Amino acid sequence: PLKEKLGTLVRKLVDEIGEEEIRQAVEIGSVLRRFDATALNFMLDRSEDDRPLIDDLCQFSFTEQHVQPETGDPYYRFHEFIRSDLDAQLERTKPTR
């Protein structure tokens, strides 16, 4: 029951993201496990000159920022409960993506 409730909450959170490109970035970030602005731009076929979507994703409380120990560069990932449910949902609804 709790897992189902979390799943419903995750689907509601993602469905309420108004901008399609941000919703796609959330899906891609979930699949990639860890990502940065360059990876998101590449996967969304965006230019490096485009406005970074990382700023939008960081507004979500489920986005975690980390630092690469070797380089000091930031990378991001989503909280596990968001990622695991979103992955299962994507597997059911968009298996070829």
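Contact here means heavy atoms within 4.5 Å. The model is predicted: local features need pLDDT of at least 70, side-chain atom pairs count only at pLDDT 80 or more, and totals for chains, interfaces and linings use all residues. Residues are numbered from 1 along each chain as its sequence is written, and side-chain values use heavy atoms, with hydrogens and water left out. Helices (H or I, at least four residues) and strands (E, at least two) are DSSP runs, numbered from the N terminus. Buried means under 20% relative accessible area, exposed over 50%, and partly exposed in between (1.4 Å probe, protein chains only).

**Arg 46**

- Arg 46 touches Glu 21, Asn 41, Arg 51, Pro 52 and Leu 53, not counting residues up to four places away in sequence.
- Arg 46 sits in the loop between helix 3 and helix 4.
- Arg 46 counts as buried because its relative accessibility is 12%.
- The Arg 46 side chain makes a polar contact with the side chain of Glu 21, at 2.9 Å. A polar contact is a pair of N or O atoms within 3.5 Å; within protein, one must be able to donate a hydrogen and the other to accept it, and residues adjacent in sequence count only if both atoms are side-chain atoms.

**Salt bridges**

- A salt bridge is a side-chain nitrogen of Lys or Arg within 4 Å of a carboxyl oxygen of Asp or Glu. The count by this rule is 3 salt bridges.
- Arg 46 and Glu 21 form one of them, at 2.9 Å from N to O. Arg 46 is in the loop between helix 3 and helix 4 and Glu 21 is in helix 2, so the pair ties together parts that are 25 residues apart in sequence.
- Glu 21 is partly exposed, with a relative accessible area of 27%.
- Arg 23 forms a salt bridge with Glu 20, and the closest N and O atoms are 2.5 Å apart. Both residues lie in helix 2 (residues 20-32), 3 residues apart, or about one turn of the helix.
- Glu 20 counts as partly exposed, at 42% relative accessibility.
- Glu 64 pairs with Arg 77 in a salt bridge, with the closest N and O atoms 3.3 Å apart. This pair links distant parts of the chain: Glu 64 is in strand 1 (residues 63-67) and Arg 77 is in strand 2 (residues 74-78), 13 residues apart.
- Both partners are partly exposed: Glu 64 at 24% relative accessibility, Arg 77 at 35%.

**Leu 53**

- Leu 53 is found in the loop between helix 3 (37-43) and helix 4 (54-57).
- Its relative accessible area is 2%, so Leu 53 is buried.
- Leaving aside neighbours within four places in sequence, Leu 53 is in contact with Glu 21, Ile 22, Ala 25, Leu 44 and Arg 46.
- Leu 53 and Leu 40 are 13 residues apart in sequence, and their C-alpha atoms are 7.7 Å apart.

**Leu 86**

- Leu 86 has its place in helix 5 (residues 80-93).
- Leu 86 is buried, with a relative accessible area of 1%.
- Apart from neighbours within four places in sequence, Leu 86 is in contact with Val 10, Val 14, Val 26, Glu 27 and Ser 30.
- Leu 86 and Val 14 are 72 residues apart in sequence, yet 8.7 Å apart in space, C-alpha to C-alpha.
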